[in-house]
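Happy to walk through this one with you.

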Amino acid sequence: MADPLKIDSHVHIYETREIGRAEKTGYEVWEYGELAGVRASTLDGTVDELLESMVSAGISRAVIVNLYTTAEIRSQAIATLEPGLTASRREKAIADIEARMADEMRQFNLWACGVGRQHPELAIFIATDPLLAPDEAGAILVSELHESHGAHGVKLHGPAQGCMMSDRRLWATYRTCEERGLPIIAHAGPDQQGIGYSDPPAFVDMLRDFPRLKVVVAHLGGASWRQTLEVAEAFPNAYFDCCEIIDWTGSPNGPSEMELARLIRDIGTHRVMMGSDYPWYDLDNTVDRVMELPLLSKEEKERILGANAQSILGL
Ligand SMILES: [Zn+2]
């Protein structure tokens, strides 16, 4: 029999090896607790490394979900402001920082879209942010990057951006995505402050208000995976990827392999996609992990490897 279609629905790329390495060091996976033997990737997240990994794992397409870590960039920039500024000068300085960040986010998206033009096997999901591109500005950004630069969808990361998935300043963006048939892929899981930016219940308002919007709740809810099934049952427009969580089975806050397989089966195996979260984990290892899942049939697992992403994300 022919090899099944394989699509990696969740990867990150960086402009240089140095930037990738810095992002990886700065992003600690804390939510699952301690677990020995997690097979982390040693790669740095360059485009070339990704393309090589795709070839060796037999993966024909990959979905780029680039991350723009607004909350951290913003607070670092604000921390460098002179202490004695008057209130109005400080306000102006913060507005300047935000304008600069909005421009950086745009350049970052344009770079990713350029990579996508060079490598049609990569589908680009762009970053946006409710603070930097609120309301109509977000809708305009998405429309332009879709029409003129080939963006396939939008990526959000609540904890890294310090924003709730239900932030109403994202509603115009969600509406545009729904109208254009562009899916949203959003990080899901707990945040260190316990605010609930992207726990599965934070997705309820957007799923309800935009019933034709396809929303990928990434990592099957991560360490908040026990809250995932209820949201999946209430909203058929919620979809999932199993990246990261699949490497943390058996951890204190993660599911066992059997619990993970049962969750996927209860949600519906056609709604879950394989993702590696490269460069945190390796593509070939991720394929093996999916095929090793208990409980699911070979056909179901093969659809998770690629066919599901093709139909869910319209690739
Ligand atoms: Zn990711």
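**Cavities, pocket, metal site and fold**

Q: What is the volume of the second largest cavity, and which residues line it?
A: This is a predicted model, and the second largest cavity in it has a volume of about 30 Å³. By class, its lining has two nonpolar, one polar and three charged residues. The residues that line the second largest cavity are Ile 246, Thr 249, Glu 257, Arg 289, Glu 292 and Leu 293.

Q: How much space lies in the largest cavity, and how do the residues of its lining divide by class?
A: The count comes to two cavities of 30 Å³ or more. About 70 Å³ of space lies in the largest cavity. Its lining includes His 10, His 12, Tyr 27, Lys 155, Glu 244 and Asp 277. By class, the lining of the largest cavity divides into three nonpolar, five polar and three charged residues.

Q: Which residues coordinate the zinc ion?
A: Along the chain, the donors of the zinc ion follow the spacing H-x1-H-x264-D. The distances to the zinc ion are 2.1 to 2.3 Å. The donors, with their atoms, are His 10 (NE2), His 12 (NE2) and Asp 277 (OD).

Q: How many residues apart are His 12 and Asp 277, and are they buried or exposed?
A: His 12 and Asp 277, both donors to the zinc ion, link distant parts of the chain. His 12 sits in the loop between β1 and α1, while Asp 277 sits in the loop between β8 and α11 (283-292). The two are 265 residues apart, and both are buried.

Q: What is the volume of the largest pocket, and which residues are the closest to its centre?
A: The largest pocket has a volume of about 770 Å³. It is lined by 31 residues. The closest to the centre of the pocket are Gly 26, Tyr 27, Thr 69, Glu 72 and Ala 160.

Q: Which elements give two or more residues to the lining of the largest pocket?
A: By class, the lining of the largest pocket has 15 nonpolar, eight polar and eight charged residues. The elements that give two or more residues to this lining are α1 (17-26), α3 (70-79), α4 (87-118) and α6 (158-161).

Q: Which strands stand at the edges of the sheet?
A: The chain has 12 helices and eight strands. The eight strands form an open sheet with parallel pairing, in the order β1-β2-β3-β4-β5-β6-β7-β8. An edge strand has a single partner, so one side of it is left without a neighbour in the sheet. The strands in that position are β1 (7-11) and β8 (272-273).

Q: What is the bridge partner of Val 11 in β2?
A: β1 and β2 (residues 61-65) run parallel and are joined by three bridges. In β2, the bridge partner of Val 11 is Ile 64.

Q: Which residue in β7 stands opposite Val 217?
A: Strand β6 (residues 215-217) pairs with β7 in the parallel sense over three bridges. From β7 (residues 238-241), Tyr 239 and Asp 241 point one way, Ala 238 and Phe 240 point the other way, and all are buried. Opposite Val 217 stands Phe 240.

Q: Why does the radius of gyration of the chain agree with a compact globule?
A: The C-alpha atoms fill a box of roughly 65 × 40 × 40 Å along the principal axes, and 56% of the 315 residues count as buried. With 315 residues, a compact globule would have a radius of gyration near 20 Å, so the chain agrees with it at 19 Å.

Conventions:
Residues are numbered from 1 along each chain as its sequence is written. This is a predicted model: local features need pLDDT of at least 70, side-chain atom pairs count only at pLDDT 80 or more; totals for chains, interfaces and linings use all residues. Side-chain values use heavy atoms; hydrogens and water are left out. On a 1 Å grid over the protein atoms alone, a cavity is a set of points where a 1.4 Å probe fits but cannot get out, and a pocket is an open set with protein on both sides within 12 Å along at least five of seven lines; lining residues have an atom within 4 Å of a point. Grid points are joined across faces, edges and corners, and a volume is the space filled by probe spheres set on the points. Helices (H or I, at least four residues) and strands (E, at least two) are DSSP runs, numbered from the N terminus. Ala, Val, Leu, Ile, Met, Phe, Trp, Tyr, Cys and Pro count as nonpolar, Asp, Glu, Lys and Arg as charged, and the others, Gly among them, as polar. Two strands pair if DSSP finds at least two bridges between them. Donors are N, O and S atoms within 2.8 Å of the metal (3.2 Å for Na, K and Ca); water is not among the atoms, so sites may look incomplete. Buried means under 20% relative accessible area, exposed over 50%, partly exposed in between (1.4 Å probe, protein chains only). The radius of gyration is taken over C-alpha atoms; the globule rule is 2.2 Å times the number of residues to the power 0.38.
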